[in-house]
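Subject: Handover of a structure and the findings on it

Dear colleague,

Please find below the structure that I am handing over to you. My notes on what was found in it follow directly after it.

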Amino acid sequence: GPVEPLYRQPPNRKLAAALGPFNWFEPDESPLWLSLNGLAPRCVRPEQLLLRRSAEGPFRVCEKRFSGSVAEAEIVHESTGNRRRVLHRPAADHLQAGDQVEMRMIEERHELP
């Protein structure tokens, strides 16, 4: 099929990995991490994921690694204690361990943080 739809919505992790870095959320994970109802697994590419400081954010940064165009952060959900590593596209190396953050999906490429 056409590459862009497969890139955005791959049917499985294997195909997602073949097309580049990704975050995979199972249906039961989407409400906790993305505040979305999960009826099917969801692939979220780094450029679709925004992490930003927020005093009201439900997550705290445990570790972070800045690698240029793709950054990796380990975050903990403060109320449940669940941890997860996520890949995201940072605007700059601005997050620090201990920062309170919110995470959301960016649907449109032109949407700015």
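Phe-59 has a relative accessibility of 2%, and it therefore counts as buried, since buried means under 20%. Please keep in mind throughout that this is a predicted model. Trp-33 is buried as well, with a relative accessible area of 4%.

Aromatic pairs

A search of the whole structure finds 2 aromatic pairs. One of them is formed by Phe-22 and Trp-24, whose arrangement is edge-to-face, with 6.3 Å from centre to centre and 90° between the planes. Within this pair, Trp-24 is buried at a relative accessible area of 8%, whereas Phe-22 counts as partly exposed at 21% relative accessibility. Trp-33 and Phe-59 also form a pair: their ring centres lie 5.3 Å apart and their planes stand at 15°, so this pair is stacked. Trp-33 belongs to helix H3 and Phe-59 to strand E4 (residues 59-66), so the pair ties together parts that are 26 residues apart in sequence. In general, a pair of aromatic rings is described by the distance of the centres and the angle of the planes.

Salt bridges

The structure holds 12 salt bridges. In one of them, the side chains of Glu-47 and Arg-8 meet, with 3.6 Å from N to O. Which parts of the chain does this pair tie together? Glu-47 lies in the loop between strand E2 (42-44) and strand E3 (49-53), and Arg-8 lies in helix H1 (residues 3-8), so the pair connects parts that are 39 residues apart in sequence. Arg-8 counts as partly exposed, at 21% relative accessibility.

Another salt bridge joins the side chains of Glu-26 and Arg-13, at 3.5 Å from N to O. Glu-26 is in the loop between strand E1 (23-25) and helix H3 (30-34), while Arg-13 is in helix H2 (residues 13-18), so this pair ties together parts that are 13 residues apart in sequence. Glu-26 is partly exposed, with a relative accessible area of 27%, and Arg-13 is partly exposed, with a relative accessible area of 45%.

A further salt bridge links Arg-84 with Glu-29, where the closest N and O atoms are 3.4 Å apart. Arg-84 lies in strand E6 (residues 83-88) and Glu-29 in the loop between E1 and H3, so the two tie together parts that are 55 residues apart in sequence.

The largest pocket

The largest pocket has a volume of about 260 Å³. Which residues line the largest pocket? The lining consists of Arg-8, Gln-9, Pro-10, Ala-40, Pro-41, Arg-42, Cys-43, Gln-48, Met-105 and Glu-107. By type, these lining residues divide into 5 nonpolar, 2 polar and 3 charged. Arg-8, listed in the lining, is also the residue whose side chain meets Glu-47 in a salt bridge.

Cysteines

How many disulfides does the structure hold? The number is 0. Cys-43, which is part of the pocket lining, counts as buried at 7% relative accessibility. Cys-62 counts as buried too, at 17% relative accessibility.

Two further residues

Val-3 has its place in helix H1. Val-3 is exposed, with a relative accessible area of 57%. The C-alpha atoms of Val-3 and Leu-19 are separated by 8.6 Å, and these residues are 16 residues apart along the chain.

Leu-50 is found in strand E3. Leu-50 counts as buried, at 7% relative accessibility. From C-alpha to C-alpha, Leu-50 and Ser-69 are 13 Å apart in space, and they are 19 residues apart in sequence.

With kind regards

Technical notes. Residues numbered from 1 in each chain as written. Predicted model: local features only at pLDDT ≥ 70, side-chain atom pairs only at ≥ 80, totals over all residues. Heavy atoms only, no water. Disulfide = S-S within 2.5 Å. Buried < 20%, exposed > 50% of the residue type's maximum accessible area, 1.4 Å probe, protein only. Salt bridge = Lys/Arg side-chain N within 4 Å of Asp/Glu carboxyl O. Helix = DSSP H or I, 4+ residues; strand = E, 2+ residues; numbered from the N terminus. 1 Å grid on protein atoms, 1.4 Å probe; cavity = no way out; pocket = protein on both sides within 12 Å on 5 of 7 lines; lining within 4 Å. Points joined across faces, edges and corners; volume = space filled by probe spheres on them. Nonpolar A, V, L, I, M, F, W, Y, C, P; charged D, E, K, R; others polar. Phe/Tyr/Trp six-rings, centres within 6.5 Å; stacked < 30°, edge-to-face > 60°.
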